[in-house]
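Colleague: I have a model open on my screen. Could you walk me through how to read it?

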Amino acid sequence: CIRSLSSSAALNAAIKHVTVIGGGLMGAGIAQVAASTGHSVVLVDTSEDILKKSAKGIEASLKRVAKKKFAEKPEDGEAFVQKVLKNISTSTDAVSVVQGTDLVVEAIVENLKVKQDLFGALDKAAPERTIFTSNTSSLPIADIASSTARLDRFGGLHFFNPVPMMKLVEVIKAPGTSQQTFDALLEFSKALGKHPVSCKDTPGFIVNRLLVPYMLEAVRLHERGHGSKEDIDVAMKLGAGYPMGPFELLDYVGLDTSKFIIDGWHEKDPDNPLFAPSPLLNKLVAEGKLGKKTGEGFYKHK
Ligand code: NAI
């Protein structure tokens, strides 16, 4: 209907300028996708060196996209890369760049105090209209938002790794998030070419709440001697149609990240057997075997 089309277009038009804070794995991906879909993006991190690395990573990723997308016409691919890169600038000063922004997407270190300090400072500098979001995987959005006076304009945007490839965004409505903010975040996710799903501000939202206990159950099944890693992975790929088995996925996600999430939930809900710690997972993390990123986790990687 015309009314909903025009109102969604108006909301869509509202979010044009995006500040992404944290130029690591997730932030760089979010900045790339926002810039590729015509948003003007400022990417913020703590040092010029880190930002240079992020920019290089984004350029390399865009070139891979262009190579596929413009296989027939490489010169159009190069023009595409340059056009997208033009939409991205970088800064080490979040407080000053946030003054002209419609939306902040925070993807810094997973630490409540650090996130609260950041948003507390941004809240004083950002215009009234600016919506704040966090990409946190394990912290309550409401706890992060409590450092600001804009609970109605604070929500969660939870992306998946690798951001340019993964279609899903979990849009989180905290108790204080207004319907208008929530609708704007759904529209923004669609404008990024993603598929948003609506989530409440509960541990793990939807995907991790199901996925992390599943992966831990696979480790426990193996610890009990009821199946080899290889057989469990093959079983879930061929029997359940999953693209990766649970041990492959743990290595991909990072064993430290998975342990961090499960430990946090266990602390809050110690009687829930789904959140029980796993001795084998803890042992591998203690040995520095964190998965793909360190060359070894449950499996050895080249
Ligand atoms: P990362 O370690 O790759 O990147 C974090 C970046 O933030 C680093 O470049 C760091 O220098 C920067 N940073 C730290 N403190 C800062 C500050 N005060 N101001 C500006 N920049 C700062 O981490 P990653 O994996 O990108 O995760 C970021 C967030 O996204 C975390 O909250 C994490 O829970 C969440 N997340 C991670 C996913 C993953 O698969 N890695 C998936 C979905 C969410």
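**Backbone and packing**

Modeller: Helices here are DSSP runs of H or I with at least four residues, strands are runs of E with at least two, and both are numbered from the N terminus. This is a predicted model, where local features need pLDDT of at least 70, side-chain atom pairs count only at pLDDT 80 or more, and totals for chains, interfaces and linings use all residues. Residues are numbered from 1 along each chain as its sequence is written, and side-chain values use heavy atoms, with hydrogens and water left out.

Colleague: Which residue other than glycine has a positive phi?

Modeller: The general idea first. Most residues other than glycine have a negative phi, and most peptide bonds are trans. Phe 205 has a positive phi, near 50°. Phe 205 sits in the loop between strand 8 (195-200) and helix 9.

Colleague: Is Phe 205 buried or exposed?

Modeller: Buried means under 20% relative accessible area, exposed means over 50%, and partly exposed lies in between (1.4 Å probe, protein chains only). Phe 205 has 7% relative accessibility, so Phe 205 counts as buried.

Colleague: Which peptide bond is cis?

Modeller: The bond from Asn 161 to Pro 162, with omega near -5°. Look for Pro 162 in the loop between strand 6 (154-158) and strand 7 (168-173).

Colleague: Back to helix 11. Which of its residues are buried?

Modeller: Pro 246, Phe 247, Leu 249, Leu 250 and Asp 251. Contact means heavy atoms within 4.5 Å. The buried residues of helix 11 pack against helix 9 (207-223), helix 10 (229-240) and helix 12.

Colleague: At what angle do helix 11 and helix 12 pack?

Modeller: Axes are lines fitted to C-alpha atoms, for helices over the stretch in contact, and angles run from 0 to 180 degrees between N-to-C directions. Helix 11 (residues 246-253) and helix 12 (residues 255-268) pack at about 95°, and their axes are 6 Å apart. Helix 11 is therefore roughly perpendicular to helix 12. The cut-offs are these: under 35 degrees is roughly parallel, over 145 roughly antiparallel, 65 to 115 roughly perpendicular, and the rest oblique.

Colleague: Which residues make that contact?

Modeller: Helix 11 supplies Leu 250, Asp 251 and Val 253, and helix 12 supplies Leu 255, Thr 257 and Ser 258. By class, that contact holds three nonpolar, two polar and one charged residues. Ala, Val, Leu, Ile, Met, Phe, Trp, Tyr, Cys and Pro count as nonpolar, Asp, Glu, Lys and Arg as charged, and the others, Gly among them, as polar.

Colleague: How do helix 9 and helix 12 pack?

Modeller: Their angle is about 105°, with the axes 11 Å apart. So helix 9 is roughly perpendicular to helix 12. Asn 208, Arg 209, Val 212, Pro 213, Met 215 and Leu 216 of helix 9 meet Ser 258, Ile 261, Ile 262 and Trp 265 of helix 12. The classes are seven nonpolar, two polar and one charged.

Colleague: Now a loop. What does Thr 101 touch?

Modeller: Thr 101 lies between helix 5 (94-97) and strand 4 (103-106). Thr 101 is buried, at a relative accessible area of 0%. Not counting residues up to four places away in sequence, Thr 101 touches His 17, Val 18, Thr 19, Pro 127, Arg 129 and Thr 130.

Colleague: Which side chain makes a polar contact with the side chain of Thr 101?

Modeller: A polar contact is a pair of N or O atoms within 3.5 Å; within protein, one must be able to donate a hydrogen and the other to accept it, and residues adjacent in sequence count only if both atoms are side-chain atoms. Here the partner is His 17, at 2.8 Å.

Colleague: And where is Thr 130?

Modeller: In the loop between helix 6 (112-125) and strand 5 (131-134). Thr 130 is buried too, with a relative accessible area of 0%. Its contacts beyond four places in sequence include Thr 101, Asp 102, Arg 150 and Arg 153.

Colleague: What domains does the chain have?

Modeller: Domain bounds come from an automatic or database domain assignment. That assignment gives domain 1 (2-200) and domain 2 (209-294). Their centres, taken over C-alpha atoms, are 29 Å apart. Five residues from domain 1 and four residues from domain 2 form the contact.
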